[in-house]
Amino acid sequence: MPIDQITLDILWNRLIATTNDQAAALMRSSFTSIVREAGDLSAGVFDRRGRMVAQAVTGTPGHINSMATGMTHFLDSFPVDGLAPGDVLITNDPWKTASQLNDITIVTPVFHKGRCVALFANCCHALDIGGRGLSADSRSVFEEGLFIPVMKLFDAGRPVQAVFDLVAANVRTPVEVLGDLHCQVVGNEAGARQLLSFLDEFGLDDIEDLADEIVARSEAAMRARIRALPDGSYAYGFTIDGFETPLELAVRIDVAGDTLVVDYAGAPGPVALGVNVTLNYTAAYTTYGVKCALGGDVPNNAGSFLPIRVTAPEGSLLNAAYPAA
């Protein structure tokens, strides 16, 4: 169907309502106040190519923006055409999603007319993940708790019981943690039901054309905001306490036409304790800051990230190498 402005507004608002229902179902059913009351979560819908198209209005930028760029890692491990109805994927890999083991991401593919047409994902802070708990005392990621690689949590609708058993055996609060895993699955299912109803109502086979339009418009809007800035380099630095010694942080923003590069070339080396950050998390909060400064009204999706590039020296405090704490 042709996507004129009025149709696009209607479809866009339905997508936002769909992700809001996804987040609401998760929050209402959650076993912990971290999710239910603090809203320490993110929720979004992705197209077949792994691009985030829309997100719920609730959530934290570290969760949503790192999840937005993390879907490619899921699809690298489980290509979209190899997924089946009832599959559910899981990981808490800090180098692929949010930058701490307590943050667990759940992905659910959505099928329409026998074909995967979208993916719903959410990321929540688990009450416990084992290890030392929420402290910076760890000397490596191995001390910080259970590390879950990208894998299946449900296989064609059947729970992968070994994964549930392994999680339960490694956390201090198995009832709450496993309960919230099920709630994350329920949240994605709520979003999927709304999306399927939405596709049937508007006679759509998938969301690919709609995603193209949304992503292209968001990218164009963000590029216009960047283009309004004077070209040049803008630098800033400051000192934070650190642990053994103070840490000097420095950043340079290079603006050239409609692109913006945020370079943390002055970032200090890795710290022996758990205050290092992976690059995807550095990028998540950097893009959040750029969006707040330049385009707070631009929809937060794959398109709005395209004009912004974030770099940091490999192995540094802001681009930690495995298995840094």
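## Briefing: sheets, pockets and ring pairs

Strands β9 (residues 247-256) and β10 (residues 259-263) run antiparallel and are joined by five bridges. The model is predicted, so local features need pLDDT of at least 70, side-chain atom pairs count only at pLDDT 80 or more, and totals for chains, interfaces and linings use all residues. Residues are numbered from 1 along each chain as its sequence is written, and side-chain values use heavy atoms, with hydrogens and water left out. Helices (H or I, at least four residues) and strands (E, at least two) are DSSP runs, numbered from the N terminus.

- Two strands pair if DSSP finds at least two bridges between them.
- Strands of a sheet pair through backbone hydrogen bonds, either parallel or antiparallel.
- Which order do the four strands of the open sheet take? The order is β8-β9-β10-β11, with mixed pairing.
- β8 (232-240) and β11 (308-311) are the edge strands; each has a single partner strand, so one side of each is left without a neighbour in the sheet.
- Neighbouring strands here are turned by 15 degrees against each other on average, direction ignored.

**Helices across the sheet**

- Axes are lines fitted to C-alpha atoms, for helices over the stretch in contact, and angles run from 0 to 180 degrees between N-to-C directions.
- Contact means heavy atoms within 4.5 Å.
- Helix α6 (residues 208-227) lies across β9, β10 and β11, and runs at about 75 degrees to β10.
- Helix α7 (residues 279-294) lies across β10 and β11, and runs at about 140 degrees to β11.

**The hairpin**

- Strand β1 (residues 41-46) pairs with strand β2 (residues 52-55) in the antiparallel sense, over three bridges.
- Val-45 has Ala-54 in β2 as its bridge partner.
- Five residues sit between β1 and β2 in this hairpin, and Gly-50 in the turn has a positive phi of about 85 degrees.

**Pockets**

- On a 1 Å grid over the protein atoms alone, a cavity is a set of points where a 1.4 Å probe fits but cannot get out, while a pocket is an open set with protein on both sides within 12 Å along at least five of seven lines; lining residues have an atom within 4 Å of a point.
- Grid points are joined across faces, edges and corners, and a volume is the space filled by probe spheres set on the points.
- The largest pocket holds about 470 Å³ of space.
- Its lining has 22 residues, and Asn-65, Ala-68, Thr-69, Ala-283 and Phe-305 lie nearest the centre.
- Which helix gives the largest share of this lining? α3 does, with six residues.
- By class, this lining has eleven nonpolar, eight polar and three charged residues. (Ala, Val, Leu, Ile, Met, Phe, Trp, Tyr, Cys and Pro count as nonpolar, Asp, Glu, Lys and Arg as charged, and the others, Gly among them, as polar.)
- The second largest pocket holds about 390 Å³ of space.
- Of its 23 lining residues, Ser-99, Gln-100, Glu-144, Gly-274 and Ala-325 are the closest to its centre.

**The cavity**

- One cavity of 30 Å³ or more turns up in a search of the whole structure.
- The largest cavity has a volume of about 40 Å³.
- Residues lining the largest cavity include Ile-104, Cys-124, His-125 and Gln-184.
- Helix α5 gives the most to this lining, with four residues.

**Aromatic pairs**

- Rings of Phe, Tyr and Trp (its six-membered ring) pair if their centres lie within 6.5 Å; planes under 30 degrees apart count as stacked, over 60 as edge-to-face and the rest as tilted.
- The count by this rule is seven aromatic pairs.
- Phe-154 and Phe-164 have ring centres 5.7 Å apart and planes at 80 degrees, so the pair is edge-to-face.
- Phe-154 lies in strand β6 (residues 151-155) and Phe-164 in helix α4 (residues 161-168), so the pair ties together parts that are ten residues apart in sequence.
- Phe-164 is also touched by Leu-178, which sits in helix α5 (residues 174-202).

**Backbone exceptions**

- Most residues other than glycine have a negative phi, and most peptide bonds are trans.
- Lys-113 is not a glycine, yet has a positive phi of about 55 degrees.
- Lys-113 lies in the loop between β4 (103-112) and β5.
- Tyr-322 and Pro-323 are joined by a cis peptide bond, with omega at about 5 degrees.
- Pro-323 is in the segment after β11.

Key: Lists of a residue's contacts leave out its neighbours within four places in sequence.
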